[in-house]
Amino acid sequence: MIHIVGIGPGSPELLTSAGALLIQKADVIVGSKRQLSDIPPDNPAERKLLPSQLSELEAFLRERIGQDIVLLASGDPLMYGIGKWALDRFPQEQLQIVPGISSIQYLCSRCGIAMNDLYITSSHGKQPDFDFLLAHPKVAMVTDSKIGPAEIAEEILQRKLHKTLIIGENLSYPEERLHRLKPEQVAAHYDMNVVVILDEG
C-alpha cells in the first residue's frame, strides 16, 4: 500500500496526527533529504531518497507495493503535489492519500487573507498565462525556480497594473520571512516561496 502523506509546509508541528501515525508504522519512507531529516531517528523504517526521475520512483513503488510505503508530499498531495501523479499511475485501491496543510493555506492564515475568492495556480513546469491570471483580483501561486516573485512582478509592471505581492519564504521554518511589496520593490531572488497577488494599489 502506498500512503501519500501531506506533511504541510515544512514544520513537523504542522503534520496531522493521521500522517504521523502512518509514518510511525511505515516499512519504507520516501522523501526529499529535507523531509527525511525530520523523521525521528528512532523510527525503524527504511528511508529512501526521492529519485530525481519520477520513472525511477514509479518503478520503486511497484517493486515494493506489498509493503507499507509512505511517500512524503510537501503541503497537500492533491494541491499541485505528487498526489495527481500517483493517481494517474496506480489504482486507487493501492493508494491512501492523507491531506496536509498547503503552503498557500499557511501563507493566507499568517497574513489574514480569506481564500473563498482566491484563484490558485502553480508555475511548476509550465508558463503561466499572465493575461488571464492578472485579470483576477486575488491569485495565489506556487512558484518554482523559473517563475518566481521577480518574474511575476515584471509581468505586472509590463501591464502597468496596481497590484501588491505577498511573498512567503521558507514557510513554517525558523527562517520564515513574509514580505508585502509593490511590484517595483520585489527583489531578484527569494528562498523557497509562495506568492499571493492582490488587486490593490
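Two residues are said to be in contact when heavy atoms of each lie within 4.5 Å. The report below applies this term to a predicted model.

Helix H7 spans residues 149-158, and its buried residues are Pro149, Ile152, Ala153, Glu155 and Ile156. Viewed down the axis of H7, these buried residues fall within an arc of 160°, so they line one face of the helix. They pack against the four elements H6, S7, S8 and S10, whose positions are listed here.

| Element packed against by buried residues of H7 | Residues |
|---|---|
| Helix H6 | 130-133 |
| Strand S7 | 138-142 |
| Strand S8 | 164-169 |
| Strand S10 | 193-198 |

After H7 comes Lys160, which has a positive phi, near 55°.

The largest nonpolar core comprises 16 residues, and Ile152, Leu165, Ile167, Val186 and Ile197 are those with the most contacts inside it. At least two residues of this core come from each of H6, S7, H7, S8 and S10. H7 gives the most, namely three residues. When neighbours within four places in sequence are left aside, the contacts of Leu165 include Pro149, Ile152, Ala153 and Ile156, as well as Val186, Val195 and Val196.

**The second core and Phe90**

A separate, second core has 15 residues, among them Ile4, Leu57, Leu61 and Trp85. Phe90 is found in the loop between helix H4 (82-87) and strand S5 (95-98). Phe90 counts as buried because its relative accessibility is 4%, and the cut-off for buried is under 20%. Neighbours within four places in sequence aside, Phe90 is in contact with Ile2, Glu58, Leu61, Arg62, Trp85 and Leu95.

Methods. Residues are numbered from 1 along each chain as its sequence is written. This is a predicted model: local features need pLDDT of at least 70, side-chain atom pairs count only at pLDDT 80 or more; totals for chains, interfaces and linings use all residues. Side-chain values use heavy atoms; hydrogens and water are left out. Buried means under 20% relative accessible area, exposed over 50%, partly exposed in between (1.4 Å probe, protein chains only). The arc is that of the directions from the helix axis to the C-beta atoms. A nonpolar core is a set of buried Ala, Val, Leu, Ile, Met, Phe, Trp, Tyr and Cys residues joined through side-chain atoms within 4.5 Å.
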